[in-house]
Amino acid sequence: MARFWVCATGAVFFLAFLVLHLRFCGTPVLRKFASQISWRTEKLFYRLDVGWPKYSEYFTGATFGVAVDSLNGLVYIVQRGDNIPKVLVFTEDGYFLRAWNYTVDTPHGIFAASTLHEQSVWITDVGSGSFGHTVKKYNSFGDLVQVLGTPGKKGIGLNPLQFDNPAELYVEDTGEIYIVDGDGGLNNRLIKLSQDFMILWLHGENGTGPTEFNIPHSVTVDPTGRVWVADRGNKRIQVFDKDTGEWLGEWTSCFTEEGPSSVRFTPDGKYLIVAQLNLSRLSVVAAPPVGGIGDCSVISTIQLADQVLPHLLEIDRKTGAIYVAEIGAKQVQKYVPLNNCIPSFVS
């Protein structure tokens, strides 16, 4: 009798393994068969890279943002705290390279803009000190190159341009810049700048209607020319035409529990990865086709531990890996695509 139960238990575990394998990595026919057996299993897209970084002791503060230079295989992390380096630089393999702290007060968002002609790192600074309320451009070694805003002074002005708690930015390869200004400050606006820092268009009022914001916290651009803004306080994502600034629509149905804190597209443009801070959750959302916004459709989630608090994230444009800055856990974690179980990424 004991041998019977051992064999039965083994058969159950084998069947469960077979179903999961067919469900996630099999052919379409086998996946359909598996789905008839295991209808409650969610498709998995990513796995945690437990070996990244190689040494976590370099995280000595609250990690607020992360940026990836896909061209050169570098990962930049900003952290907050007293008497600590504010910017950490790692390789994509997790090895620590260097740190710098020049002219950085209280970092919030960070973006690495890398082309064949220039490598730069942009940081939004929400501090109240002499470097706060600015958006700053650095080279890869931390030398200050450009300052947007009035250092140390918050404001609502446009000429000269002023910020109050600028949350994040996105820089296209053309040099055009999108900034969400208003992480709880005076401003609630989205600004597009030309490569020579002239305002091309702007949306900016506190409210709940189209083109209005309540803590615009993250911004990204998809391959079809649409700008996506995490309107965190309004529990929605708003979408705009990148050339004209025209409002194209919004997503609300996926964010009834909590608004989005970070948005980034996978390199193939097929999925939007969304972080929700207090839920400690990442969602994989299907991107709509060109010509419409449609409804928000979550096809997979990554549930993190309680109080991890994913604040901002970035995606490697070559490998598709997701890097998540977690202010609760005070670390950055890396999630890599599962082989053969997701669409291939562009290089």
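Visitor: What makes Trp52, Tyr58, Phe59, Phe90, Phe96 and Tyr323 one aromatic cluster?

Guide: Rings of Phe, Tyr and Trp (its six-membered ring) pair if their centres lie within 6.5 Å, and these six residues form one cluster on that basis. The model is predicted: local features need pLDDT of at least 70, side-chain atom pairs count only at pLDDT 80 or more, and totals for chains, interfaces and linings use all residues. Residues are numbered from 1 along each chain as its sequence is written, and side-chain values use heavy atoms, with hydrogens and water left out.

Visitor: Why is the pair of Trp52 and Phe90 called tilted?

Guide: Planes under 30 degrees apart count as stacked, over 60 as edge-to-face and the rest as tilted. The planes of Trp52 and Phe90 stand at 50°, with the ring centres 5.6 Å apart, so the pair is tilted.

Visitor: How do you know that the charged end of Arg98 sits over the ring of Phe141?

Guide: A charge sits over a ring if NZ of Lys or CZ of Arg is within 6 Å of the ring centre and within 35 degrees of the ring normal. The charged end of Arg98 is 4.2 Å from the centre of the Phe141 ring. Arg80 likewise lies over the face of Phe64, at 3.5 Å from the ring centre.
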